[in-house]
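Here is a walk through one protein model, written for someone who would rather look at side chains than read tables. Have the viewer open while you read.

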Amino acid sequence: MANDNVKGVTQLGKAIYPHLNKADVRFQKEGVYKVTLELAPDSAKELLKHIDDGVKQAHKESNSKSTKTANLPYKTNEDGNLEVNFKCKASGITKTGQAWTQKPKVFDSKGTPLAKGILVWGGTTMKVAYEVIPYSNNMLGSGVSLRLKAVQVHELVSGGGASADSYGFKEETNGYVTEA
């Protein structure tokens, strides 16, 4: 059976609390890779259409008589921008008992995979490749989740610790200097 789920790529947005290097296991022991992407409403028109179409498809394919719509995978923040949630499970077991793992691909702006050890932090600007997954159940209603497939980093914010400048310190004369 072919996978007919809609796939897309967002416009550039700002990552909020990304878990792209290591799965978040706080609430699910299997782990979840995820990122919330902040997008201006005018740059999210295609994505919003994919979400609306997916919800309509979930309602249409639902066996339930309910027309309730589940929570959508985005919200509007106080600045009027959208915060869109993308996620994928890190591991699981198939119906046949096979264990599986997956991790989203992370690319630089030229399409080269990021080297291991480069951490992607909040504030990084990126695009997200996603797949729209319609679902329906009696308690939640019909809705969609946005499956995280890959990201392309445009401007990286990464670790390395804070600098003296970031704490407000300026260079002082006649003070202690670390030996290299």
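A salt bridge here is a side-chain nitrogen of Lys or Arg within 4 Å of a carboxyl oxygen of Asp or Glu. Before we use that, a word on the source: this is a predicted model, where local features need pLDDT of at least 70 and side-chain atom pairs count only at pLDDT 80 or more, while totals for chains, interfaces and linings use all residues. Residues are numbered from 1 along each chain as its sequence is written, and side-chain values use heavy atoms, with hydrogens and water left out.

**The overall layout**

The protein chain has one helix and 10 strands. Following the sequence, you get the pattern β-β-β-α-β-β-β-β-β-β-β. Of the 180 residues in the protein chain, 31% are buried. Buried means under 20% relative accessible area, exposed means over 50%, and partly exposed is in between (1.4 Å probe, protein chains only).

**Salt bridges**

How many salt bridges does a search of the whole structure find? The search turns up seven, and three of them are set out here.

| Salt bridge | N to O distance |
|---|---|
| Glutamate 131 and lysine 7 | 3.7 Å |
| Glutamate 38 and lysine 14 | 3.5 Å |
| Lysine 149 and glutamate 131 | 3.7 Å |

Take the salt bridge between glutamate 131 and lysine 7. Glutamate 131 lies in strand E9 and lysine 7 in strand E1 (residues 7-9), so the pair ties together parts that are 124 residues apart in sequence. Glutamate 131 counts as buried, at 2% relative accessibility.

Next, glutamate 38 and lysine 14 meet through their side chains. Here strand E3 holds glutamate 38 and strand E2 holds lysine 14, so the pair ties together parts 24 residues apart in sequence. Glutamate 38 is buried, with a relative accessible area of 14%, whereas lysine 14 is partly exposed at 38%.

Glutamate 131 also has a salt bridge with lysine 149. That pair links distant parts of the chain, with lysine 149 in strand E10 and glutamate 131 in strand E9, 18 residues apart. Lysine 149 is partly exposed, at 36% relative accessibility. Through shared partners, salt bridges join Lys7, Glu131, Arg147 and Lys149 into one network.

**The largest pocket**

Rolling a probe the size of a water molecule over the atoms shows where empty space is left. In this model, the largest pocket holds about 530 Å³ of space. A pocket is an open set of points on a 1 Å grid over the protein atoms alone, where a 1.4 Å probe fits, with protein on both sides within 12 Å along at least five of seven lines; lining residues have an atom within 4 Å of a point.

Which residues lie nearest the centre of the largest pocket? They are Val32, Lys34, Asn85, Phe86 and Lys87, out of 24 lining residues. Strands E2, E3 (32-39), E5 (82-89), E9 (125-137) and E10 (141-155) each supply at least two residues of the lining.

Tyrosine 17 sits in strand E2 (residues 13-24). Its phi is near 45°, a positive value in a residue other than glycine. Is tyrosine 17 buried or exposed? Tyrosine 17 is exposed, with a relative accessible area of 70%. Tyrosine 17 and lysine 34 are 17 residues apart in sequence, and their C-alpha atoms are 8.3 Å apart in space.

Threonine 67 belongs to the loop between helix H1 (45-61) and strand E4 (74-76). Threonine 67 is exposed as well, with a relative accessible area of 67%. From C-alpha to C-alpha, threonine 67 and serine 142 are 7.4 Å apart in space, though 75 residues separate them in sequence.

Methods. Helices (H or I, at least four residues) and strands (E, at least two) are DSSP runs, numbered from the N terminus. Grid points are joined across faces, edges and corners, and a volume is the space filled by probe spheres set on the points.
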